[in-house]
Amino acid sequence: VSTQSTGGQGGVTSGVPGHIPGIVSTFVEETPNKLFIGSLPSHLNEDQVKELLTSFGQLKSFTLVKDSATGDSKGYAFCEYIDPKNAEQAIEGLNGMSLGEKKLIVNRAGANQKQSSTSAVAGLPLPITGMDILSTLNEATEVLCLMNMITLDDLMDDDEYQEILEDVREECGKYGRVRNVVIPRPIEGQAVPGQGKIYVEFASPDDTKKAAGALAGRKFANRVVVTSYYNLDKFRKRDF
């Protein structure tokens, strides 16, 4: 029976195609909703990558591909969400995102899975739509995008939503003057751009840089915060 490699981690639900509630399988089935996550920094472990992905929804299955000899990450992973709608949101939210010196590649594995895996291992760039979104944003802008801080469930509750807004404004205000905080909320039956992210507009790029340096890698509700800079014009047009 052919089963996907789990990078030398033996046996936990491997080869079991069905989903058991509360359990994230390490066997990712070949379905149209299987996602490829490439160009991952090698220092990120399974839990950190999972945290990043679960900010868009509950995972049905996930595997971080590792070197069988050393156990080190090969820099790419596969996953599937319980709700297929979350796959599109994750692609939109994560593909092209700057993570350290790398830019994430997130797309449907599908027929291109082998090509994607080979290219990721070889370190070759992939011609994925949307990869240029953040390519010019290595320098600080007035807008900081915070990821992996909130779940969609957090945003459904009005009180919790207001509390998060106030917490973010207060925390970011320690590093500079905050002009605006925008957290796109879910709308039933619609894919809302920027969902799962927090956008903070500062008075100057220097303030943004200070906040990014202080917040990146911090824990918020037991999740590791990921930061990137966002284009000011796009932010003001709410082009997420």
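Arg 179 is partly exposed, at a relative accessible area of 42%. This is a predicted model, and that applies to everything I go through here.

Arg 179 forms a salt bridge with Glu 201, and the closest N and O atoms are 4.0 Å apart. Arg 179 sits in strand β8, residues 178-182, and Glu 201 in strand β9, residues 197-202, so the pair ties together parts that are 22 residues apart in sequence.

Put together, Arg 179, Glu 201 and Arg 236 form a network of salt bridges.

How many salt bridges are there by this rule? The count is eight.

Another of the pairs is Lys 66 with Glu 46, where the side chains meet at 3.3 Å, N to O. Lys 66 belongs to strand β2, residues 59-66, and Glu 46 to helix α1, so this pair connects parts that are 20 residues apart in sequence. Is Lys 66 buried or exposed? Lys 66 is buried, at 15% relative accessible area.

Ser 73 lies in strand β3, which covers residues 73-81. Its relative accessible area is 16%, under the 20% cut-off, so Ser 73 counts as buried. A polar atom of the Ser 73 side chain lies 2.9 Å from the backbone nitrogen of Gly 75.

Last topic, backbone angles. Which residue has a positive phi of about 65° although it is not a glycine? That is Ser 39. Ser 39 is in the loop between β1, residues 35-38, and α1, residues 46-54. Its relative accessibility is 22%, so Ser 39 counts as partly exposed.

Arg 238 also has a positive phi, near 60°, and is a residue other than glycine. Arg 238 is in the segment after α7, the helix of residues 232-236. At 40% relative accessibility, Arg 238 counts as partly exposed.

To recap: the network joins Arg 179, Glu 201 and Arg 236, and Lys 66 pairs with Glu 46.

How values were computed: Residues are numbered from 1 along each chain as its sequence is written. This is a predicted model: local features need pLDDT of at least 70, side-chain atom pairs count only at pLDDT 80 or more; totals for chains, interfaces and linings use all residues. Side-chain values use heavy atoms; hydrogens and water are left out. Helices (H or I, at least four residues) and strands (E, at least two) are DSSP runs, numbered from the N terminus. Buried means under 20% relative accessible area, exposed over 50%, partly exposed in between (1.4 Å probe, protein chains only). A polar contact is a pair of N or O atoms within 3.5 Å; within protein, one must be able to donate a hydrogen and the other to accept it, and residues adjacent in sequence count only if both atoms are side-chain atoms.
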